[in-house]
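Colleague: I have just opened this one. Can you walk me through it?

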Amino acid sequence: MTPRFLFFTGKGGVGKTTLAAARALALASGGKRVLLVSTDPASNLGETLATPLGPTPREVPGAPGLCALDIDPVSAAESYRHRVLAPYAGVVPPKELEGMREELSGACTVEIAAYDQFAGLLGEDGTSWDHVVFDTAPTGHTLRLLELSRAWTGFFAVNARGASCLGPHGGLTTRIDRFEEARRALEDPARTLVVLVARPDASSLAEASRTAKDLAALGITRQELALNGVFEPFEREGADPVARAVARSQERALEALPEGLRDLPRTTVPLVGFEAIGVAALRALLAPPRQEAARTSVPVLGPSPLPGLTALVDDLATRKSGLVLVMGKGGVGKTTMAAALAVALVRRGLQVLLTTTDPAAHLTATLAGSLPGLEVGRIDPKAETEAYIANALATKGAGLDEAGRRLLEEDLRSPCTEEVAVFHAFSRVVARARGRLVILDTAPTGHTLLLLDAAGSYHREVLRDASPSFAPRLTTPLMRLRDPSYARIVLVTLPERTPVSEAAALQEDLRRAGIEPWGWILNRGLPGLGPEPDPVLAARAALERRQEERVLLGLASRVLRVPWQAEPPVGLEALLALTS
């Protein structure tokens, strides 16, 4: 029996949104009332459904019984601020009220406001629906969201005042019952199922396995595995070498399926030659038409004319210092691109710091080795939080009596502290690029946007508090990111419609913050196919070429392309080969 709450999670780019939407459609077609929700700050659910969405439920045309919404962190934060500040309106002076609003403008407020809306859907706000299907953000961000159920209820258990970095009470104490009910729902296997979505490749399956263990540790034990994009060649021993290579690569990954996934219930969704956009295509995804016996109207495309990753290496090799931010949606290959750039630059004689802000860090596994001149780091949220707390107690707490110190420590145990600590660590990494090349593999888009939001809040606060004589000499992290002579912002995506749209949305967010990307990398495009290509791969290659033209003609002035590799590019030599 299908439970009330279904979560689709996994590494970015594996098709969570597509499968969540298809499953929600199937439930609605069976006569159920279904709400489909995206918790991803960089949501593309509206594009997948081919209908505009907002923060309130909207009916999906052509799908009776199905409504959908995006949890919009910005609008959720504004509603949260209004609820917190309303009791003070007309009571405190306007200047003081504006100061309170500014205090509630940071990333902590955005996170807790989005979580509050999410928690409500697991409780009283979701009672109108037979099923609520959650399309979640990539793994690291989602685990953080689910951990908040325990973190905030645990925080309230030892902090009856409700004080936090959000201020006294912070509008939270009235939500204690709501958060506790969300936790009970998540940990109840009769009510909650998590679908681990993965592609049939080693990296995706390894992350699904880690996520399964992490979820079990959070008390979320009912899980399924959904294998998306499983390729079945038109001719098993046909003449198409690319088709044979794709099939064999997937087979090897599935033969080595991690032990933690083998016993899970499993569904398989085939690789198809069409875009799963709109209700009709999503329905077809779960029941795809059989391939025609003959190859009819199959376009034969040669290799793409776009330059490779060497163009960016050549540009960076002329610099002795500076920052490179590799950004994009989860699962598009940011870590691989960042590692390949770092290895190539070190081989050219430069000193490079390669680090990551991604909670689900994979740099060490991707490199699978070390190089003189290459320093590898990681912004570890838990380690940074403990260091931040220790520093605050040693400085701010030094002059406090025992009671005051206890209150400070209590406040520092707020889940918001992690966001603040990670931002401080990020700022230190940005500053290190003054004296050497720093390549930063960022977390998936939604998580990174929250980090940039923190940078913006800090920038405004510093400028507001600085004296007129000192302000011109200030340099904030946001100012460094805006400086093209200091920072190169590189967007990585796949040559597919939805990933390109997501990268375009990220680019607009960056531009609103005054940050202009250097260029785009289109990763894992199919190589040139032979004269008798597999029909599905040929159809997908034609779709990819259409997206290349879309990016070139309207989205980016610099576009690089890295082709799909039959073997995962793991290890120093394999990474170096990507730039040759």
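**Helix packing and cavities**

Modeller: Start with α20 and α21, which pack at an angle of about 15° with their axes 10 Å apart. That makes α20 roughly parallel to α21 (angles under 35 degrees count as such). This is a predicted model: local features need pLDDT of at least 70, side-chain atom pairs count only at pLDDT 80 or more, and totals for chains, interfaces and linings use all residues. Residues are numbered from 1 along each chain as its sequence is written, and side-chain values use heavy atoms, with hydrogens and water left out.

Colleague: Which residues of α20 and α21 make the contact?

Modeller: Arg497, Val500 and Ser501 come from α20, and Gln547, Arg550 and Val551 from α21. Contact means heavy atoms within 4.5 Å. Axes are lines fitted to C-alpha atoms, for helices over the stretch in contact, and angles run from 0 to 180 degrees between N-to-C directions. Helices are DSSP runs (H or I, at least four residues), as are strands (E, at least two), numbered from the N terminus.

Colleague: How do α15 and α16 cross?

Modeller: Helix α15 spans residues 381–395 and helix α16 residues 402–412; their axes come within 10 Å and cross at roughly 160°. So α15 and α16 are roughly antiparallel to each other, the word for angles over 145 degrees.

Colleague: What meets what there?

Modeller: In α15, Tyr388, Ile389, Ala392 and Leu393 meet Arg405, Leu408, Glu409 and Leu412 in α16. By class, that contact of α15 with α16 has 6 nonpolar, no polar and 2 charged residues. Ala, Val, Leu, Ile, Met, Phe, Trp, Tyr, Cys and Pro count as nonpolar, Asp, Glu, Lys and Arg as charged, and the others, Gly among them, as polar.

Colleague: At what angle do α15 and α17 cross?

Modeller: Roughly 95°, and the axes of α15 and helix α17 (residues 416–432) come within 8 Å. That makes α15 roughly perpendicular to α17 (65 to 115 degrees). Among the residues in contact are Tyr388 and Ile389 of α15 and His424 and Arg428 of α17.

Colleague: New topic. How many cavities are there?

Modeller: The count comes to 5 cavities of 30 Å³ or more. On a 1 Å grid over the protein atoms alone, a cavity is a set of points where a 1.4 Å probe fits but cannot get out; lining residues have an atom within 4 Å of a point.

Colleague: How much space lies in the largest cavity?

Modeller: About 620 Å³. A volume is the space filled by probe spheres set on the points, with grid points joined across faces, edges and corners.

Colleague: Which residues are closest to its centre?

Modeller: Of the 37 residues that line the largest cavity, Thr18, Arg199, Glu496, Thr498 and Pro499 are the closest to its centre.

How values were computed. On a 1 Å grid over the protein atoms alone, a cavity is a set of points where a 1.4 Å probe fits but cannot get out, and a pocket is an open set with protein on both sides within 12 Å along at least five of seven lines; lining residues have an atom within 4 Å of a point.
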